Amino acid sequence: MNSTSHPPGTNATQPRGQVSVSPEGEVFSLPTPSDLAQENQRLQELVRAQRALGREIVVVMGVGFVGAVMAGVVADAVHRETGEPLYFVIGMQRPSPRSYWKIPYLNRGQAPVEAEDPEVAPLIARCVNEKQTMTATFSYDALALADIVVVDVQCDYHKNALGDVRDGHAEIRALEESLKIIGKKIAPHCLVVIETTVPPGTTEYVAYPILKKAFEARGLSVNLDVPENDQNSEKLVLEHQPGVEPLLAHSYERVMPGREYVASIRDFWRVCAATNPEARDKVVRFLSNVLNVEKYPLTVLDRPIESETCKIVENSYRATILAFMDEWSRFSERNGVDLLKVIEAIKVRPTHDNMIFPGPGIGGYCLPKDGGLGVWAYNTLMGFEDDIFKITPLAIDINDTRSLHVAQLVRDALRNMGRIVAASRVAILGASYRQDVGDTRYSGSEIVVRKIAEMGGEIVVHDPYVKRWWELERQESYPGPGKSWARFFRNQEGLSNLKMAEDLASALAGVDAVVLAVPHQPYKALTPDQVVEMIGAPAAIVDCFGLLTDEHIARYFELGCEVKGLGRGHIQRIKKQVKNSIK
Ligand SMILES: NC(=O)c1ccc[n+]([C@@H]2O[C@H](COP(=O)([O-])OP(=O)(O)OC[C@H]3O[C@@H](n4cnc5c(N)ncnc54)[C@H](O)[C@@H]3O)[C@@H](O)[C@H]2O)c1
């Protein structure tokens, strides 16, 4: 192991003085070059002791939403008969100002992700402090100690326009950089499992050549054979020479941050595939050791591109069934139909029971981008020029722009009360992308806020699970410089000063409109009388997620409010009934 050099193309350590600040506001100094040798010494000693206990060493590269909890699941795995831990896990994280804090958090047994799942915090604490099967590091030299490397770094898709996913590209640079470092550092026997959702083909067309070349440069490989026949999948299982071929596999995550966070990794079905038989055997053994494969059997596919395609099709399917409902949602609004009841009536058919009410845009990290990775791979990695993709990109475009309609409903509800958006204060209840989680990535609420800000409205936001809304507070740099959705709207500057309201009563006091943007449990429990009392006067109420019962809607009208809702065309009918009963 080279303990003094920095990984090529990266800064393993930073000049003195730089800091990384955790979401809770704790400040950590970034490691300096002089810290590296000491850190490597620490890792070597730990690994020596762990190997003596018969444990294999697993490096999880990237301890974000997926990697942090996956690292915990691996570190918690025990031998089925002896109950002895199987693996020692090193969570590896680049020491950037944005992410370094995750390392000291993990090293004191604290999860670096906010989780509603009560299993997450004890899992991390148990593995770090009690079982002592996990540590975290900023040193890329940890890779040289690994028997298995699990790659959980991000692979984003950059969109140049709102509502046109074709005008964009996959950002595979972080992944390529990670793979280059892996190729330079790992031992030849080390299995590399890519869990990152990647453009189909990435493992074979990008990762394999990178590792292969790195092995050759290190004098580890002599085999230059390239598979000949593109039509024959059998032949595409890359030729294997023990000891010199990289051992590469792909197995994507289906993790769902939320109440079932840990179970969604450990107690759930997995798909995997590898570039050669030895890698396949190794990845099957590894996943069988750490996941509940008795109850949730593994699916082993022939080629990594099939596993990669599975993930993209799985998420494109979900994005598509949601996008499909957008036109029926508008149809419902204009024709007196309650889409919520339509969906419930259809879902009784077992063949249709996965139909979902589409909220204000389909957010989260995965659904807005994954189909784009597929289209990009087809054109870029595979080099096809024809246009076979119709539905996948269209679904993403519809989902990305659906929440603009919420601002129109706010406008219309206010207008019915004789008010305009530009002179109104609007409360957004819910900032995250789905109910009962604190994850705000690409949430529909963000677009609602941005559009209302563009129209001149004043905004206040409440979310029981979100303390800081980084997409707004740090819009100059988050999720990356020039990447904020702010770039698609005017009048966004003031949003950097937006602070999340501490409680619901202060969020609602004196507002003109309330947008029920996310069906968090506490919002579902609210009665119209409570809401109007907190506001202090009747207001415009916009329901984005079918939160309101018909009784609630009627009561809001009785209290003098105006109500509108995505996909809820029957509201007009209730309004008339209430008016007639008051006359
Ligand atoms: N979040 C989800 O719900 C979810 C669900 C299923 C699949 N996925 C997929 O899992 C992958 C990871 O997603 P995530 O949500 O954990 O992302 P994330 O941004 O939370 O985490 C990625 C981490 O990798 C680190 N990183 C980047 N480059 C690195 C490098 N060279 N060395 C070490 N660390 C590096 C980053 O600093 C970050 O901490 C993505 O492909 C995503 O699509 C995510």
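Helix 6 (residues 202-217) packs on helix 10 (residues 304-334) at an angle of about 120°, and their axes are 8 Å apart. This is a predicted model, in which local features need pLDDT of at least 70 and side-chain atom pairs count only at pLDDT 80 or more, while totals for chains, interfaces and linings use all residues. Residues are numbered from 1 along each chain as its sequence is written.

**Helix contact**

- Axes are lines fitted to C-alpha atoms, for helices over the stretch in contact, and angles run from 0 to 180 degrees between N-to-C directions.
- Helix 6 contributes Thr-202, Thr-203 and Glu-204 to the contact, and helix 10 contributes Pro-304, Ile-305 and Glu-308, where contact requires C-beta atoms, placed from the backbone, to lie within 7 Å.
- The residues of this contact divide into 2 nonpolar, 2 polar and 2 charged; Ala, Val, Leu, Ile, Met, Phe, Trp, Tyr, Cys and Pro count as nonpolar, Asp, Glu, Lys and Arg as charged, and the others, Gly among them, as polar.

**Overall dimensions**

- The protein has 21 helices and 17 strands, which are DSSP runs numbered from the N terminus (helices H or I with at least four residues, strands E with at least two).
- The radius of gyration is 26 Å, which agrees with the value near 25 Å that a compact globule of 583 residues would have; the radius is taken over C-alpha atoms, and the globule rule is 2.2 Å times the number of residues to the power 0.38.
- The C-alpha trace spans about 85 × 55 × 50 Å along its principal axes.

- Strand 9 (residues 191-194) runs parallel to strand 10 over 4 bridges, and Val-193 has Ala-249 of strand 10 as its bridge partner.
- Strand 10 (residues 247-250) and strand 11 (residues 271-274) pair in the antiparallel sense over 2 bridges, with Ala-249 partnered by Ala-274.
- Strand 11 and strand 12 (residues 299-300) run parallel and are joined by 2 bridges, with Thr-299 as the bridge partner of Val-271.
- From strand 11 the chain passes through helix 9 (residues 277-290) to strand 12 in a right-handed β-α-β crossover, meaning that with the strands pointing away from the viewer, the path from the first strand over the helix to the second runs clockwise.

- Strand 13 (residues 425-429) pairs with strand 15 (residues 513-516) in the parallel sense over 4 bridges, and Val-426 stands opposite Ala-513.

**Backbone geometry**

- Most residues other than glycine have a negative phi, and most peptide bonds are trans.
- A cis peptide bond joins Tyr-478 and Pro-479, with omega about 5°, and Pro-479 lies in the loop between helix 16 (470-473) and helix 17 (504-508).
- Asp-436 has a positive phi, near 60°, and is found in the loop between strand 13 and helix 15 (444-454).

Technical notes
Two residues are in contact if their C-beta atoms, placed from the backbone, lie within 7 Å. Two strands pair if DSSP finds at least two bridges between them.
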